[in-house]
Amino acid sequence: MLSLLTLKEAASTSILSRQWQYLWAFTMTLNFDPVNFEVGNTFRRFGELKRESRDQQSFRYIDWVNRMLEQHSFQNIERFRAHFFLYYRFKSSIDKWIQFCMERRVQILELEFLAEKSFSDEDYTFPQKLLGIISTKKGSALKQFLYSAWDNLLQSDIPSLYSCGYSIGFKSLKVLRLSHVRATEEFIEYLLSNSPVLERLSLNAARGLVNLGVVDQLIALTHLVIKHCPDLHSIEIFCTNIVSFIIVQTI
């Protein structure tokens with residue numbers, strides 16, 4: 001029943017009785033939609049506010065999400081959605097949200113951030129280091145990671161991606177939607193190769209994506225949406241499971 005309520009409504013059930021006090025914390029849907037956040041008309045006229053006022057509202061939103069996650073108790077979540085005016089300044093908090101989702105084997109992950117401009121250099125960057133991806137000028141970061149994986153495990157005392165358990169979340173990921181999130185082709189390669197049940201991928205206004213290749217016949221991806229990615233020069237798709245592909249580019 002609680003899964004049918006908004007997150008704010010589910011949390012408010014804690015006042016019903018002692019038995020209901022913490023029951024909402026076991027919900028498997030975490031939808032942090034601004035409709036559930038008390039900003040009133042401010043959200044609709046957000047772009048008209050001064051930068052300081054916008055940041056104050058964004059910090060309030062960050063605090064709201066953090067408080068909810070601190071109280072959440074269930075070990076698995078079906079859906080996590082964050083939707084607000086967020087950018088690189090809030091990176092540390094957003095990184096923790098993603099780690100939270102991965103550790104709880106999220107199935108649907110939606111980071112739909114809004115920007116002051118259509119395309120911004122201040123957009124949040126998906127935490128590649130959290131995934132163990134290190135950019136390199138000598139070809140694909142994914143290939144570099146694979147070639148050096150065993151050496152790193154044997155010779156380094158630094159916890160690896162697998163020993164930290166961060167990759168577990170991607171084993172359950174079915175849907176990923178990113179808006180105004182910088183995502184490189186190295187990240188997409190890693191994502192597709194390590195998400196065996198990922199069916200839907202949507203990238204909107206993703207800076208940093210230059211050459212996208214979807215050429216793995218073993219991946220489960222069936223629906224791909226690419227919209228308004230200003231740095232995209234080429235895309236190659238060779239995957240028999242693809243059912244639909246939508247691309248919209250700004251001229």
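Hi everyone, let's start in helix α3 (residues 91–103), where K91 and D95 both sit, four residues apart, or about one turn of the helix. Helices here are DSSP runs of H or I with at least four residues, strands are runs of E with at least two, and both are numbered from the N terminus. This is a predicted model, so to speak of local features we need pLDDT of at least 70, and side-chain atom pairs count only at pLDDT 80 or more, while totals for chains, interfaces and linings use all residues. Residues are numbered from 1 along each chain as its sequence is written, and side-chain values use heavy atoms, leaving out hydrogens and water.

R79 pairs with E110 in a salt bridge, with 2.6 Å between the closest N and O atoms. This one links distant parts of the chain, from R79 in strand β2 (residues 79–84) to E110 in strand β3 (residues 108–113), 31 residues apart. R79 is partly exposed at 25% relative accessibility, whereas E110 is buried at 4%. Buried means under 20% relative accessible area, exposed means over 50%, and partly exposed is in between, using a 1.4 Å probe and protein chains only.

Next, R81 forms a salt bridge with E112, the closest N and O atoms being 3.2 Å apart. R81 is in strand β2 and E112 in strand β3, again 31 residues apart. Both partners are buried.

And how many salt bridges are there in the whole structure? The search finds nine. Thanks, everyone!

Definitions and conventions
Salt bridge = Lys/Arg side-chain N within 4 Å of Asp/Glu carboxyl O.
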